[in-house]
Amino acid sequence: MNIILLGPPGAGKGTQASRLVETRDMIQLSTGDMLRAAKDSGTEMGKIVADVMARGDLVTDEIVIGLIREKLDGDTKGGFIFDGFPRTLAQADALDALLAEKGERLDAVIEMQVNDETLVQRILGRAEEARAAGQAVRADDNEDSIRTRLLAYYKQTAPLIGYYHAKGALSVVDGLGEIDEVAAAIQKVLDKA
Ligand code: ADP
C-alpha cells in the first residue's frame with residue numbers, strides 16, 4: 001500500500017509516518033529529512049538547497065524528484081509513505097509516472113488538517129524544547145520562515161488537495177487530536193483503502 005501524507009508544516013506528518021513504519025512495516029520517504037541529511041553531510045546538492053530551505057521556500061522539483069526516484073528501487077516492504085512529497089503539481093505528476101513504471105499504485109492520500117495558529121505554536125514550541133535541551137534547532141523553525149513555509153504550502157501544495165479529490169483518492173483527517181487519536185483515524189482510512 002502506497003500513501004501520501006499531505007498537510008501544512010507542523011501538521012504531524014512525520015510523527016504519523018513513524019507510527020505507520022511501526023504498525024504497518026511501511027517505508028517512510030520524507031524529502032525534508034533527505035534534504036537535511038544532504039545539507040548536514042555537506043554534499044554539493046546540500047549546499048545548493050541550504051539557503052532555500054532556511055528561508056522556507058521550496059527546493060526545485062528536479063532535485064526532490066531525483067531523491068524520490070532513487071528511493072523507489074529495491075524492497076517495498078509494506079509500501080511507501082510519501083511525507084512532504086509531492087509538494088507541487090509537477091511533483092504529483094512525476095510521482096504518478098514513477099509509480100506506474102514500477103507497476104505500483106497510489107492507494108490513499110490523507111490530508112491532515114490543522115489550523116494555522118496551532119501550526120505556528122507547535123513548530124515554535126518544538127524549537128523551544130530543542131533549544132532548552134541543548135539540541136540543534138532547525139534553521140527554518142523561526143517565525144519568518146514558518147510564515148514563508150505556510151505561504152508556500154497554500155500557494156504551491158494546497159492545489160494538490162483538489163487534484164487528489166478529483167481523482168477520488170483523498171481522505172481528510174483531523175490533525176488536532178492526540179497523536180493516538182490521529183493515528184487511529186489514519187488506520188481507519190487505510191483499512192478501507
Ligand atoms: P515541514 O513540513 O515542517 O515544512 P519538511 O521537513 O517536510 O518540513 O521540509 C523542510 C523544507 O525542505 C521545506 O520547507 C522545503 O524547503 C524543503 N522541501 C521538503 N520537501 C520538499 C518538496 N517535496 N519539494 C520542495 N521542497 C521541499
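Of the 18 residues around the ligand, which come nearest? Thr31, Arg36, Asp57, Gln91 and Arg149 do, a residue being near the ligand if one of its heavy atoms lies within 4 Å of it. The structure is a predicted model in which local features need pLDDT of at least 70 and side-chain atom pairs count only at pLDDT 80 or more, whereas totals for chains, interfaces and linings use all residues. Residues are numbered from 1 along each chain as its sequence is written, and side-chain values use heavy atoms, with hydrogens and water left out.

Figure 1. Asp57 places a backbone N or O atom 2.5 Å from an oxygen atom of the ligand. From the side chain of Arg149, a polar atom lies 2.8 Å from a ligand oxygen atom. Arg138 has a side-chain N or O atom at 3.1 Å from an oxygen atom of the ligand. On its own the ligand has 540 Å² of accessible area, and the protein covers 96% of this; accessible areas come from the Shrake-Rupley method with a 1.4 Å probe, and for residues only the protein chains shown count as cover.

**Figure 2. The largest nonpolar core.** A nonpolar core is a set of buried Ala, Val, Leu, Ile, Met, Phe, Trp, Tyr and Cys residues joined through side-chain atoms within 4.5 Å. Buried means under 20% relative accessible area, exposed over 50%, and partly exposed in between (1.4 Å probe, protein chains only). The largest core has 31 residues, and Ile4, Leu29, Ile68 and Phe82 have the most contacts inside it. At least two residues of this core come from each of β1 (3–6), β2 (27–30), α2 (31–40), α3 (44–55), α4 (61–71), β3 (80–83), α5 (89–101) and α8 (159–166). Helix α5 supplies the largest share, five residues. Helices (H or I, at least four residues) and strands (E, at least two) are DSSP runs, numbered from the N terminus. A second, separate core has 21 residues, among them Leu5, Met26, Val120 and Ile146. In soluble globular proteins, nonpolar side chains tend to be buried together.

Figure 3. Ile4 is buried, its relative accessible area being 0%. Contact here means heavy atoms within 4.5 Å. Apart from neighbours within four places in sequence, Ile4 is in contact with Phe82, Phe85, Pro86, Leu95, Leu106, Ala108, Val109, Ile110 and Tyr164. Thr43 lies 39 residues from Ile4 along the chain, and 27 Å separates the C-alpha atoms of the two.

**Figure 4. Aromatic pairs.** Rings of Phe, Tyr and Trp (its six-membered ring) pair if their centres lie within 6.5 Å; planes under 30 degrees apart count as stacked, over 60 as edge-to-face and the rest as tilted. By this rule there are four aromatic pairs. Phe80 and Phe82 make a tilted pair, 6.0 Å centre to centre with 40° between the planes, and both residues are buried. The pair of Tyr163 and Tyr164 is edge-to-face because the ring centres are 4.9 Å apart and the planes stand at 65°. Tyr163 is partly exposed, at 23% relative accessibility, whereas Tyr164 is buried, at 1%. One aromatic cluster is formed by Phe80, Phe82 and Phe85.

**Figure 5. Backbone features in three loops.** Most residues other than glycine have a negative phi, and most peptide bonds are trans. Phe85 and Pro86 are joined by a cis peptide bond, with omega about -5°; Pro86 lies in the loop between β3 and α5. Asp25, in the loop between α1 (13–24) and β2, has a positive phi near 55°. Its relative accessibility of 41% makes Asp25 partly exposed. Lys77, in the loop between α4 and β3, has a positive phi near 45°. Lys77 is also partly exposed, with a relative accessible area of 48%.

**Figure 6. Ser30 in strand β2.** Ser30 counts as buried, at 9% relative accessibility. The backbone nitrogen of Asp33 is reached by the side chain of Ser30 at 3.0 Å.

Note on methods: A polar contact is a pair of N or O atoms within 3.5 Å; within protein, one must be able to donate a hydrogen and the other to accept it, and residues adjacent in sequence count only if both atoms are side-chain atoms.
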